[in-house]
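Work through the exercises below with the coordinates open. Each task is followed by a stepwise solution.

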Amino acid sequence: TLLERNGYKVITSENSLTSIKLAETSRPDLIVCDIMMPLMDGFKVREAISANPITHNIPFLFLSARASQTDKLKGFGGGADDYVTKPFDPRELVARINAIFRRQEKERLSIQQEMEQQIERIQTEISHNISHELRTPMTQILMSLDMVLRDKYDDPEDLKWFVETALSQSNRLNALIDDLTFLSNYDMGHMVFLRQKIDIQNDFTFAIALRQDLYKDKNLRVDVHIAEGVMIHAPSREFRQAISH
């Protein structure tokens, strides 16, 4: 009632086991949890929430009558964002919750600022290197195709080498064009934020395979381990681009 009066939408659970599943399905912005509960105590609930990749980033606040320093240290040691003891001042609880959200917003803005700085750095690097970066693969493509057409190779292996070189450099050129398109869209504010289920095979492993093929002369070893049942949601084209980089 207190939190709803302060503008928050609240979902409650009176069962510690059920609350873990509820957190996964509803994905709240904050979990306020007691410690002394039947079935599972609050520390065990926090442990289960933290172990789940869907819920481990949700801010967590303990609200408990256990006021010893040991309990508080155990709570913070388990990853809690705050610990409020009962009896509590309602104004303090609301203030602490607001403080958690303010910290989250600062972290979000910091990450956004860091991302913008990285993109600005990439823009500068591409601007400095663009003519060379575009000319190199284009030269190799034209040279390979010219050799194939002009010399009429009888050896299939020779022909295959030139065609593969042209294809590999075409993929490299296409990646550069994707970078330029992304930066142009970013400058104009035309960003894609629609998250969709990523096709692990096409958007992840295939993107890595293409990049490995481009640098196969470097003898790079890449080990890919994908947990069974893993799901990723992101803008698919931008995700493939990030993986390629």
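**Exercise 1. A charged pair**

Does Asp223 count as buried, partly exposed or exposed? Then find its salt-bridge partner and classify that residue too.

*Solution.* The model is a predicted one.
Step 1. Asp223 has a relative accessibility of 48%. Exposed requires over 50%, so Asp223 counts as partly exposed.
Step 2. The partner is Arg221, with the closest N and O atoms 3.0 Å apart.
Step 3. Arg221 reaches 73% relative accessibility and therefore counts as exposed.

**Exercise 2. Two further salt bridges**

Take the pairs Asp71 with Arg66 and Arg240 with Asp203.

*Solution.* 
Step 1. Between Asp71 and Arg66, the closest N and O atoms are 3.0 Å apart.
Step 2. Buried means under 20% relative accessible area. Asp71 is at 10%, so Asp71 is buried. Arg66 is at 28% and counts as partly exposed.
Step 3. For Arg240 and Asp203, the closest N and O atoms are 2.8 Å apart.
Step 4. Asp203 is buried at 7%. Arg240 is partly exposed at 31%.
Step 5. Arg240 belongs to helix α8 (residues 236-244), and Asp203 to helix α7 (residues 200-214). The pair therefore ties together parts that lie 37 residues apart in sequence.

**Exercise 3. Counting and linking**

*Solution.* 
Step 1. The network consists of Asp82, Glu92 and Arg96, joined by salt bridges with shared partners.

**Exercise 4. The sheet and its helices**

Give the strand order of the three-stranded sheet. Then describe how helices α3 and α5 lie against the strands.

*Solution.* 
Step 1. The sheet is open, ordered β1-β2-β3, and its pairing is parallel.
Step 2. The edge strands are β1 (31-33) and β3 (82-85), and each pairs on one side only.
Step 3. From one strand to the next, the twist averages 20 degrees.
Step 4. Strand β2 (residues 60-64) is joined to β3 by four bridges. Ser64 stands opposite Thr85 in β3.
Step 5. Helix α3 (residues 42-51) packs on the sheet and touches β1 and β2. The direction of α3 makes about 170 degrees with that of β2.
Step 6. Helix α5 (residues 90-151) lies across β1, β2 and β3. The angle between α5 and β3 is about 175 degrees.

**Exercise 5. A helix pair**

Classify the angle between α2 and α3, state the handedness of the crossing, and list the residues that meet.

*Solution.* 
Step 1. The axes of α2 (residues 16-26) and α3 come within 10 Å and cross at roughly 25 degrees.
Step 2. Angles under 35 degrees count as roughly parallel, so α2 and α3 are roughly parallel to each other.
Step 3. The crossing of α2 past α3 is right-handed.
Step 4. On α2, Ser16, Ser19, Ile20 and Ala23 take part; they meet Val45, Ala48 and Ile49 on α3.

**Exercise 6. A loop residue**

Where does Thr55 sit, and is Thr55 buried or exposed?

*Solution.* 
Step 1. Thr55 is placed in the loop between α3 and β2.
Step 2. The relative accessibility of Thr55 is 1%, so Thr55 counts as buried.
Step 3. Neighbours within four places in sequence left aside, Thr55 contacts Ala23, Glu24 and Ile49.

Terms used
Residues are numbered from 1 along each chain as its sequence is written. This is a predicted model: local features need pLDDT of at least 70, side-chain atom pairs count only at pLDDT 80 or more; totals for chains, interfaces and linings use all residues. Side-chain values use heavy atoms; hydrogens and water are left out. Two strands pair if DSSP finds at least two bridges between them. Helices (H or I, at least four residues) and strands (E, at least two) are DSSP runs, numbered from the N terminus. Axes are lines fitted to C-alpha atoms, for helices over the stretch in contact, and angles run from 0 to 180 degrees between N-to-C directions. Contact means heavy atoms within 4.5 Å. A salt bridge is a side-chain nitrogen of Lys or Arg within 4 Å of a carboxyl oxygen of Asp or Glu. Buried means under 20% relative accessible area, exposed over 50%, partly exposed in between (1.4 Å probe, protein chains only). Angles under 35 degrees count as roughly parallel, over 145 as roughly antiparallel, 65 to 115 as roughly perpendicular and the rest as oblique. A crossing is left-handed if the near helix is turned anticlockwise from the far one by less than a right angle, and right-handed if clockwise.
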